[in-house]
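Please open the structure in your viewer and keep the selection tool at hand.

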Amino acid sequence: MDFAGTHVMRSLELLGETGEDPTGPIYQRLFEGSPELEPLFILDTDQSVRGSMLQNALECIFDFCDGNRMATNFVETSRFVHDGYGVPDEKFDEFFIAIRDCCRISLDGQWTDDMDKEWQAMLTAFANKA
């Protein structure tokens with residue numbers, strides 16, 4: 001697959017330039033779309049699990065944009081592990097979608113069609129549908 005990743009990376013850079021921590025909005029978006037996932041975080045009282053999951057997801061995105069040395073394998077393994085936590089396969093990808101949606105909403109007029117296309121290509125690859 002020919003994937004540059006420059007537009008995904010630019011969207012994340014612009015999100016970072018807002019100066020706001022995206023963790024809360026990303027999880028809010030996730031739970032709004034999949035409320036059945038929120039109870040899985042009942043013991044995450046200090047938000048450390050949420051932060052760790054976001055860090056791992058971002059590292060997968062960065063890796064994918066840099067040539068995909070481990071991202072799709074890590075996502076596939078994480079999908080299996082999360083099944084054990086009660087996350088159905090069809091809901092696993094919702095986290096990456098929430099990250100994309102948070103970028104799109106936060107960037108508003110700076111979001112481009114090229115960003116949208118690259119995010120969709122990456123999400124498809126992560127869902128193992130490419």
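A charge is said to sit over a ring if NZ of Lys or CZ of Arg is within 6 Å of the ring centre and within 35 degrees of the ring normal. The model is a predicted one, in which local features need pLDDT of at least 70 and side-chain atom pairs count only at pLDDT 80 or more, while totals for chains, interfaces and linings use all residues. Residues are numbered from 1 along each chain as its sequence is written, and side-chain values use heavy atoms, with hydrogens and water left out.

**First stop: a charge over a ring**

Select R50 and Y27. The charged end of R50 sits over the ring of Y27, at 5.7 Å from the ring centre.

Helices (H or I, at least four residues) and strands (E, at least two) are DSSP runs, numbered from the N terminus. Both Y27 and F31 belong to helix α2, four residues apart, or about one turn of the helix. An α-helix has 3.6 residues a turn, so residues three or four places apart point the same way.

**Second stop: aromatic rings**

A pair of aromatic rings is described by the distance of the centres and the angle of the planes. Rings of Phe, Tyr and Trp (its six-membered ring) pair if their centres lie within 6.5 Å; planes under 30 degrees apart count as stacked, over 60 as edge-to-face and the rest as tilted. How many aromatic pairs does the structure hold? There are seven. In one of them, the ring centres of Y27 and F31 are 5.9 Å apart and the planes stand at 50°, so the pair is tilted. Now select F41 and F95 as well: together with Y27 and F31 they form one aromatic cluster.

Next, select F96 and F126. These two rings form a tilted aromatic pair, with 4.8 Å from centre to centre and 55° between the planes. The pair links distant parts of the chain, since F96 lies in helix α6 and F126 in helix α7, 30 residues apart. Both F96 and F126 are buried, where buried means under 20% relative accessible area, exposed over 50%, and partly exposed in between (1.4 Å probe, protein chains only).

Select residues 113–126, which make up helix α7. Which residues of α7 are buried? They are M115, E118, W119, M122, L123, A125 and F126. Seen down the axis of α7, these buried residues fall within an arc of 160° (taken from the directions from the helix axis to the C-beta atoms), so they line one face of the helix. On the other side of α7, D113 and K117 are exposed. Just after the helix, N128 takes a positive phi of about 60°.

Return to helix α2 (residues 23–33) and select L30. Is L30 buried or exposed? Its relative accessibility is 6%, so L30 counts as buried. Leaving aside residues up to four places away in sequence, L30 touches L37, E94, F95 and A98, a contact being heavy atoms within 4.5 Å.

**Last stop: two loops**

Select N68, in the loop between α3 and α4. N68 has a positive phi of about 60°, although it is not a glycine, and it is partly exposed at 28% relative accessible area.

Finally, select D108, in the loop between α6 and α7. D108 is not a glycine either, yet has a positive phi of about 45°. With a relative accessible area of 62%, D108 is exposed.

Notes: The expected span of a helix is 1.5 Å times one less than its number of residues.
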